[in-house]
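Have the model open and follow along.

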Amino acid sequence: MEDPQSKEPAGEAVALALLESPRPEGGEEPPRPSPEVRSRPAPGCWRQLPRPQSALGTPFFSGVPQKVQLCALGPQPLPRCPAPWLYPRETQQCKFDGQETKGSKFITSSASDFSDPVYKEIAITNGCINRMSKEELRAKLSEFKLETRGVKDVLKKRLKNYYKKQKLMLKESNFADSYYDYICIIDFEATCEEGNPPEFVHEIIEFPVVLLNTHTLEIEDTFQQYVRPEINTQLSDFCISLTGITQDQVDRADTFPQVLKKVIDWMKLKELGTKYKYSLLTDGSWDMSKFLNIQCQLSRLKYPPFAKKWINIRKSYGNFYKVPRSQTKLTIMLEKLGMDYDGRPHCGLDDSKNIARIAVRMLQDGCELRINEKMHAGQLMSVSSSLPIEGTPPPQMPHFRK
């Protein structure tokens with residue numbers, strides 16, 4: 001359930017360094033230079049890469065300059081090549097060897113280590129992908145039997161990550177053993193009133209869990225229980241209309257501690273945290289940092305340890321696809337990925353299933369969904385992406401507060 005007053009940090013997006021430049025105007029290619037021109041550049045101006053072999057089936061010119069410098073004679077013109085859009089112009093900003101260049105200015109950055117020829121090839125291929133039209137991207141994705149729906153930026157990201165994954169498969173052979181076996185998607189529904197008055201106390205009235213198998217990328221099972229509120233026992237007309245939850249459903253439901261016990265027993269049957277490595281995932285930070293936190297205080301429960309860390313898919317989506325925070329709402333994420341919402345909006349279980357669809361598509365596109373937020377001493381904090389992937393502890397029923 002969304003909190004309209006919540007604000008979360010956008011997070012820093014970390015990108016693989018790319019060699020990019022615009023395609024020449026007019027669409028005409030310059031004449032092929034003589035071998036002498038290509039093999040004798042001005043000293044210190046640029047250096048050449050060995051000819052790469054692209055998995056995309058696109059021929060690359062072997063003389064792609066990696067870095068533009070100033071020599072004693074001043075800026076030297078770069079030699080022309082049959083595919084000039086594969087190398088940066090003198091004024092083009094690019095990244096190489098951990099440095100960001102613009103003319104003769106070098107800025108140290110935290111880009112990937114490009115001393116490895118595999119990363120050099122990936123960077124050149126990324127530049128080629130950036131020059132593809134939407135139709136070309138879809139054709140290439142279809143050739144690799146990948147999903148072809150989504151906006152152009154999503155298609156580019158999908159193709160880049162597929163190629164990168166193929167090239168790094170041997171280097172990252174241990175990744176499958178260290179990643180989560182399951183992801184539990186949770187999207188609470190809570191009592192609410194129109195206008196969301198600040199003094200209103202939100203109580204959880206629906207507790208859904210969707211169990212996503214990261215190996216098969218299929219929803220393996222679901223859990224759903226309604227919860228009887230104990231402070232605001234009567235649902236507002238606005239809440240009933242928004243969530244579709246009726247007064248009769250919550251009147252017949254168990255209290256939150258009883259429902260939490262059922263959730264934990266269900267997770268134990270799935271051997272989560274014991275036999276299988278898993279993580280929780282939410283659509284935003286407020287499900288855990290606000291709704292669960294407040295509900296545990298109202299029910300006089302200590303905050304459950306297994307819910308102290310989670311994946312905020314909005315933050316992951318924004319960082320992975322390089323989009324602003326305003327484009328990370330559930331319906332917008334689905335739309336950008338070429339999907340429609342399936343079910344009833346603001347039904348906790350339906351919301352969780354649709355969030356799982358986004359997670360599946362992101363995993364298919366090469367995103368490493370990982371824990372990025374946590375509760376510490378009652379406060380919401382970010383988790384660094386540089387930390388090793390750790391599984392969530394086995395679920396245990398928290399003790400009651402004294």
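R314 and D283 pair up in a salt bridge, with 2.7 Å between the closest N and O atoms. The two partners come from distant parts of the chain, 31 residues apart: R314 sits in helix α10 (residues 313–321), while D283 belongs to the loop between β8 and α9. Keep in mind that this is a predicted model.

Is R314 buried or exposed? R314 has a relative accessible area of 8%, so it is buried. D283 is buried too, at 3% relative accessibility.

K261 bridges to D265, and here the closest N and O atoms are 2.9 Å apart. These two are four residues apart in helix α8, which means about one helical turn separates them. Both ends are partly exposed: K261 has a relative accessible area of 38%, and D265 has 31%.

K262 has its own partner, D254, with an N to O distance of 2.6 Å between the side chains. K262 is partly exposed at 36% relative accessible area, and D254 also counts as partly exposed, at 23%.

The whole count comes to 13 salt bridges. There's also a network of them, linking E147, R149 and R361.

On the surface, R300, K302, R401 and K402 come together in a patch of positive charge. One of these, K302, lies in the loop between α9 (286–298) and β9 (309–312). K302 is partly exposed, its relative accessible area being 44%.

## Cysteines

How many disulfides turn up in a search of the whole structure? The search finds zero. As for individual cysteines, C347 is buried with a relative accessible area of 13%, and C367 is buried at 9%.

## Loop residues worth a click

Two non-glycine residues have a positive phi. E271, at about 60°, is in the loop between α8 (256–269) and β8 (278–282), and is partly exposed with a relative accessible area of 35%. H346, at about 70°, is in the loop between α11 (330–336) and α12 (348–364); its relative accessible area of 26% makes it partly exposed.

Then there's T216, in the loop between β6 (204–213) and β7 (218–226). T216 is partly exposed, at 47% relative accessible area.

How values were computed:
Residues numbered from 1 in each chain as written. Predicted model: local features only at pLDDT ≥ 70, side-chain atom pairs only at ≥ 80, totals over all residues. Heavy atoms only, no water. Patch = residues over 30% accessible without salt bridge, like charges linked within 9 Å, V, L, I, M, F, W, Y side chains within 5 Å. Areas by Shrake-Rupley, 256 points an atom, 1.4 Å probe, with all protein chains shown as cover. Salt bridge = Lys/Arg side-chain N within 4 Å of Asp/Glu carboxyl O. Lys, Arg positive; Asp, Glu negative; His and termini not counted. Charge placed at Lys NZ, Arg CZ, Asp CG, Glu CD. Buried < 20%, exposed > 50% of the residue type's maximum accessible area, 1.4 Å probe, protein only. Disulfide = S-S within 2.5 Å.
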